[in-house]
Amino acid sequence: MADLPSASPSSVPSSRWQCLQSRWQRLKSRLKTQGRSLLQTLPGLRQIPGLGWVALDRHRPQGVIPSTAAWVRRDSPPGVAYRELYADVPLHRTPPQTLDDPVQWQFTLDYGDRSQPAFLLSLPQGRCWQTSAIITAQHHLLGDLSIHFKIDPRQTPRKHPVFWQPIASPRSHPGPLAVVIAPGGNTYFHWLIDVLPRFHLLRQGCGQGEFPPWEAIQGFVVNGYHQPFQQQTLDLLGIDRDRCVDGTAHPHWQADRLLVPSLPRHGTCAIAPWVFQFLRQTFLLSPTTPPSPRETVNPGSCPQRLYISRGSARRRRVLNEADLITLLQRWDFEVVQLEHLSFQDQVARFAAAQWVVAPHGAGLTNLVFCTPGTQVLEIYSPHYVSVSYWNICSQVGLNYTYLFSRGDRPPAYTTPHHLTADLEVDLAQVQRVLEGWHQS
């Protein structure tokens, strides 16, 4: 409750003011006590330590386990198997290049200097709900396996949707069911970075100890499998789509044995090196290896300078793109719209590129496949910055530069998050960056 309204000490005698304040504090205390008593009598509510009052549901978690590894070591829950596959390692990021002075503040934040350990968990009678909740048979949410975008239930559990959204009864699955679904996994960036690496962890851990062999897995819970990039990457991984379970169509599953690989990243930049190694080793065509029939482009035949156009996009369009393309073509850039290319075509073009220029967009996830030393220029709106692709460049060994399009800059440490804002590029700044690349 707010403090006593309207009147101020200057307009009320001090003794009277103190009396009013005293009465107000007693009233607040009484209302708080009565409110708590009322909550206790209402059906469908329960007070959970650390969560406060939440809507009671027989399928809703009754608490949060922050660390899966600590839980397994401490409690040795019956039937649960845990195997660490990759230890945590140091993470290094190279400061970005820019014409700005100073560097934009989001590139200076502390995103953590170590990756998270990667593991595989086998959970008897475990449940998965939507894209971001793993629940034990004892109705506890596994916090480090249930991060929902920027909502980490280990830090702000009450904000996690599993504690306030309706939860329907789960569908049962008889055999081993593997969870690779992730928040945002229906989009290109999250599919490549957050979903596909979990298949790798499954392959690494299955067939060892108490874990069933890969062939025994009867289903993979994914973010759908109907978009071309999803189908093409599943095919390249040898994943039979008949074994895929659309976790967006049926959001709540319970399995006799739920196999849960850890999340490839915790936060924007905490991505372990094994993620990039897996993607490159799996999808990157070696220059000495001829393309297979499923690959339509050989990197050796691709242009070395790429401009990634958003001409067909409905948001974050470059308003003066015709003038920008005229400038870039004088530097021998090829204009590419990635949505018209197959996944392997995209991989091949980025693998061959030496210079890449693009407005911010998910297509830059393909920077994973670039050769170390490639020059990259990412162009932002002043009202939306994501450092995801700077982080990829740092991890893969690319030279990253950013520019802002024209427009008023928000104050430091504020994020308008205007994700859809169009851009008007400063052509003179782009020219200066290209001249610098040419001279280096």
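A: Gladly, and let us begin with a helix. In α2 (residues 68–75), T68, A69, W71 and V72 are buried. Seen down the axis of α2, these buried residues fall within an arc of 165 degrees, so they line one face of the helix. A word on the source: this is a predicted model, in which local features need pLDDT of at least 70 and side-chain atom pairs count only at pLDDT 80 or more, while totals for chains, interfaces and linings use all residues. Residues are numbered from 1 along each chain as its sequence is written, and side-chain values use heavy atoms, with hydrogens and water left out.

Q: What do those terms stand for?

A: Buried means under 20% relative accessible area, exposed over 50%, and partly exposed in between (1.4 Å probe, protein chains only). Helices (H or I, at least four residues) and strands (E, at least two) are DSSP runs, numbered from the N terminus. The arc is that of the directions from the helix axis to the C-beta atoms.

Q: Which exposed residues sit on the face of α2 turned away from its buried side, and what do the buried ones pack against?

A: R73 and R74 are the exposed residues on that face. The buried residues of α2 pack against β3 (64–65), β4 (81–86), β6 (118–124) and β9 (141–142); contact means heavy atoms within 4.5 Å.

Q: Which residues of α4 are buried?

A: First the general idea: an α-helix has 3.6 residues a turn, so residues three or four places apart point the same way. In α4 (residues 228–237), the buried residues are F229, Q230, T233, L234, L236 and L237. Down the axis of α4 they fall within an arc of 160 degrees, so they line one face of the helix. Their cover includes α3 (188–205), β12 (244–246), α5 (273–283) and α7 (343–352). After α4 comes G238, with a positive phi near 75 degrees.

Q: How do I describe two packed helices?

A: Two packed helices are described by the angle between their axes and the distance between the axes. Axes are lines fitted to C-alpha atoms, for helices over the stretch in contact, and angles run from 0 to 180 degrees between N-to-C directions. Here, α4 and α5 pack at about 80 degrees with their axes 10 Å apart. The two helices are therefore roughly perpendicular to each other (angles under 35 degrees count as roughly parallel, over 145 as roughly antiparallel, 65 to 115 as roughly perpendicular and the rest as oblique). T233, L236 and L237 of α4 make the contact with F278, T282 and F283 of α5.

Q: At what angle do α6 and α9 cross?

A: The axes of α6 (residues 321–329) and α9 (residues 427–439) cross at roughly 20 degrees and come within 11 Å. That makes α6 roughly parallel to α9. D323, L324, L327 and L328 of α6 meet L427, V430, Q431 and L434 of α9.

Q: Now a loop: is N320 buried or exposed?

A: N320 lies in the loop between β14 (305–308) and α6. At 13% relative accessibility, N320 counts as buried. Leaving aside neighbours within four places in sequence, N320 is in contact with L423, E424, V425 and L427.

Q: And how much of the whole protein is buried?

A: Of its 440 residues, 49% count as buried. The protein has nine helices and 18 strands.
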